[in-house]
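This report describes a structure shown below.

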Amino acid sequence: MIFRAPLPNLRRISGLVRGGIVVLAALLAGCLPASKSRDSHSDADVLAESWVYFRNGEYNKAAAGFDEVMGRTKQGEPEHLQAIYGLACTWSLRRPGEDTARAAGLYQRILDEAPDDPLASWCALALVRQKITADITGKLSHAEVMELYDGIVRRYPGQPAALEALVCRETARLRMPAPEGGPAKVVPILTEFVQDPKNSAWASVGHLILASAYRALNQPRSEMNALIQSMETWDKDPRSPKKDDRTRNYWQIAVLADFQVKDAETAKKYYRKIIEESPQDKRIYYARIALERLEAQGTGPDRERDR
Amino acid sequence: MKKLAFLLASRWQAAAIALFLLWAHGAVVGYRAAEAPPGKKVIRIGHWQLEPGVRTALDEAARAYEKLHPDVRIVQDAIPEGTYGQWITCQLMGGTAPDILEVGIGLPSHVWIGYFQRYFLTLTPYVSEPNPYNRGTELEGKAWRQTFRDGMTGGYQEEIQEYVRIPLSVHGIRIVYNKDLLEKLTGQREAPGELRPWLEACRRIAAQNGPDGKPYVAIASSSYHFTRWDQIMFSPALFGLKGHADFNRDATLGIDELALGIATGRLDLSSPTFMSYLKLMREVSDQFQPGYTGLTRDEAVFLFSQQKAVFILGYSYDLGGLLEVAKDRFEVGVLQVPFPQKADPQLPGLVPGPNHEAANGAFPFSIVRSSKHPEIALDFLHYLSSQKVNERLNRTIGWIPNTLGAKMDGSLAAYEPQGAGIYGVPNGLSNFGISGDSLIRWRQLLSLYQIRQIDAPDLVQDFSAYLKQEFHKLRPERVANARREVAKRDRESAYLRGMALLRDGSADGDYWVRYRAALVSREILPELNGFVMQGIENGSIDTGRTPYGTVTVPGRGGKPAKEVIWPEVLK
C-alpha cells in the first residue's frame with residue numbers, strides 16, 4: 001500500500017518527462033542551424049580549432065574536428081593530409097583513450113598516399129616516437145633508438161623532421177659505447193651539422209649537445225666555446241618572459257671559464273652579464289663576489305685599458 | 001477511509017515539498033537578482049581569501065570599477081581554502097565557474113597545468129599590450145607584463161609556454177614577535193638580528209614561567225611552520241655543498257644531485273656543512289614548543305595570540321591577522337630571519353650571507369574559458385593590476401603590491417624582498433626523496449631527529465648507508481618515470497608542432513620557435529642532464545675534486561697561494 005501510493009505521481013512525472021523531451025528536441029532542432037554554420041569556417045580554421053581542443057585536452061572535440069575536415073576534403077589535398085595527421089596525433093597521444101594502432105594506421109596512410117609531402121617525414125618520425133615512448137621499461141637499447149632516428153635522417157635528408165631526428169639520434173649516441181657511439185663519435189658529426197647554414201634553426205641545440213660531449217671528453221675550453229655558441233645561435237620566443245633569461249647558461253660559462261679554463265676575461269664577461277641582465281636572479285650574489293675577486297687579480301679589461 | 005486519509009496525507013506532504021521547492025527557487029532567484037540586477041553584465045570572481053581585508057579590498061575595487069562601467073556588476077565568491085580544490089573542479093567541470101578565479105592551491109601542480117590548458121584562457125596575446133588603466137602614470141604605454149615587479153614571471157606557465165595568470169601581490173616571510181613580552185622576559189625591546197644573540201634571547205625566554213606556571217615558548221611553531229623554517233633558514237646552510245654536488249653546474253643543488261653525491265661517495269653527509277645544517281635545525285627547533293610536529297598552523301598562531309610565545313614565522317599576508325590579534329594588547333615587531341652574516345665557529349662549513357629574496361608574484365587570477373564576458377573579465381584584471389588600483393587594493397588588504405611604482409603600506413616595509421644572497425635546496429630538505437621509499441626513509445629519520453629520539457650522527461649514518469645501498473636499485477624506477485614524462489611532453493609539444501605545420505611557412509615562424517624551445521627544455525636538456533648524471537654515477541665522466549674544479553688564490557699575509565673550490569673561493 002505504501003509503495004503503491006506514489007504511482008499516480010510517477011505517471012504525472014513521466015508525462016512531464018515526455019514534455020521535457022519534446023522541449024529538448026525542439027531546442028536541439030534550434031541548434032542545428034548553428035552546427036551547420038560551421039561550414040562557413042574554412043578548413044584551416046577548423047583544423048586550428050581542433051588543435052586548440054587537443055591542447056585543451058578535449059580530445060573528442062579535436063577528433064571530431066579533424067574527422068570533419070577529412071570528410072569534406074579530397075584525398076591528396078593539403079587540408080586532407082593535415083586532418084589525417086591531426087587525427088593520428090590525437091589517437092596516439094590522448095590520455096585516456098589512446099588507440100596507438102589506429103594512430104599508426106593513420107600515419108601510415110599519409111606515408112602511402114603522399115610520400116613526398118612534408119607531412120610524410122613527420123609521420124615517419126611520429127611512428128618512431130611511438131616505439132620509443134611506449135618503451136617505459138627501457139627495453140630498447142641506445143643503439144636501437146639511434147637506428148630508429150637514423151632511418152628518418154637517411155630517408156628525408158634536410159627536412160625539418162630529419163633535423164630533429166638527427167639531434168635526437170646524436171643525443172642517444174652520446175650514451176652508446178665506442179666505436180659506434182660515445183662523445184668522441186658525436187663531436188665530428190655535430191661539428192659538421194652546426195656549421196651548415198641549412199641547419200641554422202637547430203644549431204643552438206647542436207652546440208648544446210656538443211658541450212655535453214666535450215664535458216665527457218674532459219675538454220673544458222671546447223665545452224665553454226660550445227656553450228657560448230649555443231647561446232649566440234639561440235632563437236628566442238619573443239613572448240616568453242624568460243626569452244632573455246640565459247642566466248643559467250651565463251653561470252655555466254662563467255664558472256667553466258673561471259675554474260677550469262682559467263680564462264678570466266670570459267669569466268668576467270659572463271659574471272657581468274648575470275649582474276646586468278638578471279638583477280633578480282639568485283646567482284647574482286656570488287657573481288658579484290667572483291667578479292670582485294677576478295678584478296682584484298688585475299687582469300680585467302679596465303686595467304688593460306689603463307695601461 | 002484509510003486510503004483516503006493516506007492519499008490526503010501524501011498530498012499534503014507533496015504540497016509541502018512543492019512549497020519548499022518554490023520558496024527555495026524564489027530565494028535563489030531573488031538572491032541572484034539582488035546580486036545581478038537585470039540588464040547588468042555580471043562578472044563573478046572566485047577566491048579562497050576569507051580574510052576580511054581581501055573581501056573588503058576587492059569589494060571596494062569592484063564598486064569603483066562599476067562606477068566606471070555602469071553596465072557591469074562584479075560579484076565575489078569567497079570559498080574556504082580547505083575545499084577550494086574540490087569546489088573549483090566541480091565548477092569548472094560543470095561549466096558554472098566564476099569568470100575570474102584565483103588559482104594555484106588545492107590541487108597538484110600537474111592538475112593545475114591540465115586545467116590551465118582546458119578551462120582557462122591564455123593571456124599571452126594581451127601581455128605585450130599596454131594596460132589602459134595605467135594612463136597618466138610612468139607605466140603608460142609599457143607592455144602589461146613589464147609593469148609588474150616580477151616581470152609577470154609569476155603569470156607564465158613554462159610547461160605550456162603561455163601566460164595564464166595575473167599576480168596581483170608579492171609575498172615575503174619574516175619572524176613576527178611580541179615586543180612587550182620580549183622586553184618583559186629579556187629586557188630588550190628590539191629582537192636581535194644576529195643568530196647567536198637571537199638564540200640567546202630565545203633561551204632566556206624559555207627559561208621563564210608564565211602566569212599559569214608553565215614555561216614561556218620562544219617560538220610558536222607547527223608542522224606547517226617547520227617546512228618554512230627549513231626553506232628559509234636551515235636549507236641555505238647547505239649552500240656550501242654546491243661546490244661538491246652541483247653536477248649540472250646550474251648553481252642549484254637538486255635532490256637528485258645530493259643523492260647522487262652521497263651514493264657515489266663524493267658528498268659526505270658527515271661533512272661539517274651538512275652537520276651544521278642539522279645543528280642549526282636543532283638549535284632553532286629546540287626553541288619551538290614541545291609537540292610542535294603534531295600541531296597545525298592555527299594552533300601556533302593561537303599560542304602566539306595568547307602571549308605564551310614571543311616569536312612566530314609569518315608571511316606578509318599573515319601580518320594583518322597577527323596585528324589584529326595584537327591590537328590593544330601588545331606591540332608587534334618584524335624581524336628578518338637571523339641567518340649568520342659572518343663565519344660562525346659553532347657552525348663550521350656554513351657559508352655566511354644574507355638570504356636571497358626575489359619578488360615572486362602571488363595572489364594570481366585567471367580568466368575562465370566559459371566566461372560569458374571574457375573581455376570584461378580581462379578589463380577588470382587590467383584595472384586591478386593598474387598602478388593606483390593595485391596600490392589601493394594591497395594597502396587595504398595589507399599585502400605588498402606587485403605593480404611597479406605602487407607603494408606598500410609602511411608596516412610591510414620589513415617584508416621588502418632583500419635581493420641578492422645565498423640560497424638553499426629548492427623547497428628545503430623536508431622532502432628529500434628521489435623515490436617514494438627514500439622520501440619515507442628520510443621523513444622517518446628527520447622526524448626522529450626533530451623530537452630528539454636520534455642525534456645527527458645516527459641520522460647521517462643511517463641515511464647514507466640506505467642511499468648507498470638503494471640508489472642503484474632505484475634506477476629502473478627513475479628511468480621509467482623519466483620515460484613516462486617523455487610521453488607526456490610529446491603530447492604538449494604536438495600542439496605547437498601541429499600549429500606550426502598548419503600556420504608557419506618557415507622555420508623562423510612563431511610556432512616553430514616555440515616548438516623548438518619546448519623540445520629543448522622538455523626533452524633534450526633532461527636527456528643531457530641524465531647523460532652527465534649517469535656518467536658521474538658510473539665514473540665515465542670525471543668531475544675531479546668537484547664539479548666546478550678549483551682555482552688558485554693568492555695567499556694573504558705572506559702565506560703561499562692555495563687551490564680552493566667553489567664556494568670557498570668566493571668568500
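## Helices of chain A

In this predicted model, helix α13 (residues 264–277) of chain A has 14 residues, which at 1.5 Å a residue should span 20 Å; the end C-alpha atoms are 20 Å apart, in agreement with that expectation. The buried residues of α13(A) include A:A267, A:K268, A:Y270, A:Y271 and A:I274. Their packing partners are two helices of chain A, α12 (247–261) and α14 (284–296).

The loop between α12 and α13 of chain A contains A:K262. Phi of A:K262 is near 60°, a positive value in a residue other than glycine. A:K262 counts as partly exposed because it has 14 C-beta neighbours inside 10 Å.

Among the buried residues are A:W122, A:C123, A:L125, A:V128, A:R129 and A:Q130. Against which elements do the buried residues of α6(A) pack? They pack against α4, α5 (100–113), α7 (142–155) and α8 of chain A, and also against α18 (475–503) of chain B.

A further helix pair is formed by α8 (residues 160–174) and α10 (residues 200–216) of chain A, whose axes come within 11 Å and cross at roughly 5°. With angles under 35 degrees counted as roughly parallel, that crossing makes α8(A) roughly parallel to α10(A). On the α8(A) side the contact involves A:L163, A:V167, A:E170, A:T171 and A:L174, which meet A:W202, A:V205, A:G206, A:I209, A:S212 and A:A213 of α10(A). By class, the residues of this contact are seven nonpolar, three polar and one charged.

## The two chains

The table sets out corresponding values for the two chains.

| Property | Chain A | Chain B |
|---|---|---|
| Helices and strands | 15 helices and zero strands | 19 helices and 14 strands |
| Buried residues | 40% of the 307 residues | 41% of the 571 residues |
| Among contacts between residues at least 6 apart in sequence, those joining residues at least 24 apart | 46% | 69% |

The C-alpha trace of chain B spans about 100 × 75 × 70 Å along its principal axes. Chain B is divided into five parts: domain 1 (1–33), domain 2 (36–168 + 362–415), domain 3 (173–335), domain 4 (436–470) and domain 5 (475–538). Taken over C-alpha atoms, the centres of domain 2 and domain 4 of chain B are separated by 43 Å.

## The contact between the chains

How many residues does each chain bring to the contact? Chain A contributes 58 residues and chain B contributes 62 residues. On the side of chain A that touches chain B, at least two residues each are supplied by α2 (43–55), α4 (78–93), α6 (118–134), α8, α10, α12 and α14. That side of chain A comprises 28 nonpolar, 15 polar and 15 charged residues.

## Local features

Two cis peptide bonds are found in loops of chain A. The bond from A:R95 to A:P96 is cis, with omega near -5°, and A:P96 is located in the loop between α4 and α5 of chain A. The bond from A:A178 to A:P179 is likewise cis, with omega near 5°; A:P179 belongs to the loop between α8 and α9 (183–195) of chain A.

In chain B, B:D328 has a phi near 65°, a positive value in a residue other than glycine. B:D328 is in the loop between α13 (316–326) and β10 (332–335) of chain B. Is B:D328 buried or exposed? B:D328 is exposed, because 4 other C-beta atoms lie within 10 Å.

B:L378 is part of helix α14 (residues 374–384) of chain B. It counts as partly exposed because it has 18 C-beta neighbours inside 10 Å. Although B:L378 and B:L123 are 255 residues apart in sequence, they are 8.7 Å apart in space, C-alpha to C-alpha. Neighbours within four places in sequence aside, B:L378 is in contact with B:Y126 and B:I367.

Note on methods. Residues numbered from 1 in each chain as written. Chains lettered and ligands numbered in written order. Predicted model: local features only at pLDDT ≥ 70, side-chain atom pairs only at ≥ 80, totals over all residues. Axes fitted to C-alpha atoms, helices over the stretch in contact; angles between N-to-C directions. Helix = DSSP H or I, 4+ residues; strand = E, 2+ residues; numbered from the N terminus. Parallel < 35°, antiparallel > 145°, perpendicular 65-115°, else oblique. Contact = placed C-beta atoms within 7 Å. Nonpolar A, V, L, I, M, F, W, Y, C, P; charged D, E, K, R; others polar. Buried ≥ 20, exposed ≤ 12 C-beta atoms within 10 Å, placed from the backbone. Expected span 1.5 Å × (residues − 1). Domains from an automatic or database assignment.
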